[in-house]
Amino acid sequence: MAKLESINDLFMHELKDIYHAEQQLVDALPTIGEKISSSELKSTMEMHLGQTKDQVKRLEEVFDKLGQSPQAEKCQAMEGLLDECREIMDQDADSAVMDAALIAAQQKVEHYEIASYGTLVTWAKELDNREVSELLGKTLDEEKQADEKLTQIAKQSANERAMK
């Protein structure tokens with residue numbers, strides 16, 4: 001790992017970290033989707049998988065704009081969040097309870113991504129890189145929308161179904 005001496009160094013480290021995080025998520029979301037019973041939640045997760053694939057491409061575009069080849073550094077935070085999700089999926093749970101649990105697990109992932117992209121957007125602005133800031137800001141907006149959609153599903157149906 002390179003020595004961190006500046007905001008630019010921090011930016012590149014975080015960029016490599018979130019790149020790995022998104023790659024892990026692309027691999028994990030199809031398996032998570034298999035455990036979902038709600039058709040609305042399943043279609044939301046499938047849509048987010050497509051967005052996540054686009055986000056990986058967008059990160060590759062960011063690397064390109066910075067004159068760097070895409071490189072991932074192990075994201076232990078995402079690994080931990082996905083391990084926790086796998087533990088939930090291994091439980092013997094009612095399908096409605098599983099859906100509510102998977103929403104909670106996915107929202108933890110979204111909150112991690114929101115924090116990461118929020119930081120990257122701020123640093124890109126401070127580094128006076130408007131183009132990169134806008135690309136990362138688009139992903140930040142998508143992550144916030146995904147979180148809001150999961151909250152909506154939880155409040156409007158999943159939590160109530162799980163309480164029965």
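This report walks through some salt bridges and helix contacts of the structure above.

The model is predicted, so please note that local features need pLDDT of at least 70, side-chain atom pairs count only at pLDDT 80 or more, and totals for chains, interfaces and linings use all residues. Residues are numbered from 1 along each chain as its sequence is written, and side-chain values use heavy atoms, with hydrogens and water left out.

## Salt bridges

Side chains of opposite charge can pair when their charged atoms come close. The structure holds 9 salt bridges, a salt bridge being a side-chain nitrogen of Lys or Arg within 4 Å of a carboxyl oxygen of Asp or Glu.

| Glutamate 5 | Lysine 3 | 3.6 Å |

To say how open a residue is, we use relative accessible area: buried means under 20%, exposed over 50%, and partly exposed in between (1.4 Å probe, protein chains only). Glutamate 5 and lysine 3 are both exposed.

Helices here are DSSP runs (H or I, at least four residues), numbered from the N terminus. Glutamate 131 counts as partly exposed because its relative accessibility is 48%, and lysine 65 is partly exposed as well, at 37%.

Arginine 86 and aspartate 83 share helix 3 (residues 76-89), where they sit 3 residues apart, about one turn of the helix. Arginine 86 has a relative accessible area of 40% and is therefore partly exposed; aspartate 83, at 36%, is partly exposed too.

## How the helices pack

Two packed helices are described by the angle between their axes and the distance between the axes. Axes are lines fitted to C-alpha atoms, for helices over the stretch in contact, and angles run from 0 to 180 degrees between N-to-C directions. Angles under 35 degrees count as roughly parallel, over 145 as roughly antiparallel, 65 to 115 as roughly perpendicular and the rest as oblique.

Let us begin with helix 1 (residues 7-34) and helix 2, which pack at about 155 degrees with their axes 9 Å apart. That angle makes helix 1 roughly antiparallel to helix 2. Their contact residues divide into 15 nonpolar, 5 polar and 6 charged. In this grouping, Ala, Val, Leu, Ile, Met, Phe, Trp, Tyr, Cys and Pro are nonpolar, Asp, Glu, Lys and Arg are charged, and the others, Gly among them, are polar.

Helix 2 also meets helix 4: the axes come within 13 Å and cross at roughly 20 degrees, so helix 2 is roughly parallel to helix 4. Contact means heavy atoms within 4.5 Å, and the residues making it include Leu41 and Met45 of helix 2 and Asp99 and Ile103 of helix 4. This contact has 5 nonpolar, 2 polar and 3 charged residues.

Is aspartate 99 buried or exposed? Aspartate 99 is buried, because its relative accessible area is 0%. This residue lies in helix 4 (residues 95-126) and, not counting residues up to four places away in sequence, touches Lys35, Ile36, Ser37, Ser38, Leu41 and Arg161.

Helix 3 and helix 4 cross at roughly 180 degrees, and their axes come within 10 Å. The two helices are therefore roughly antiparallel to each other. Their contact residues comprise 12 nonpolar, no polar and 3 charged.
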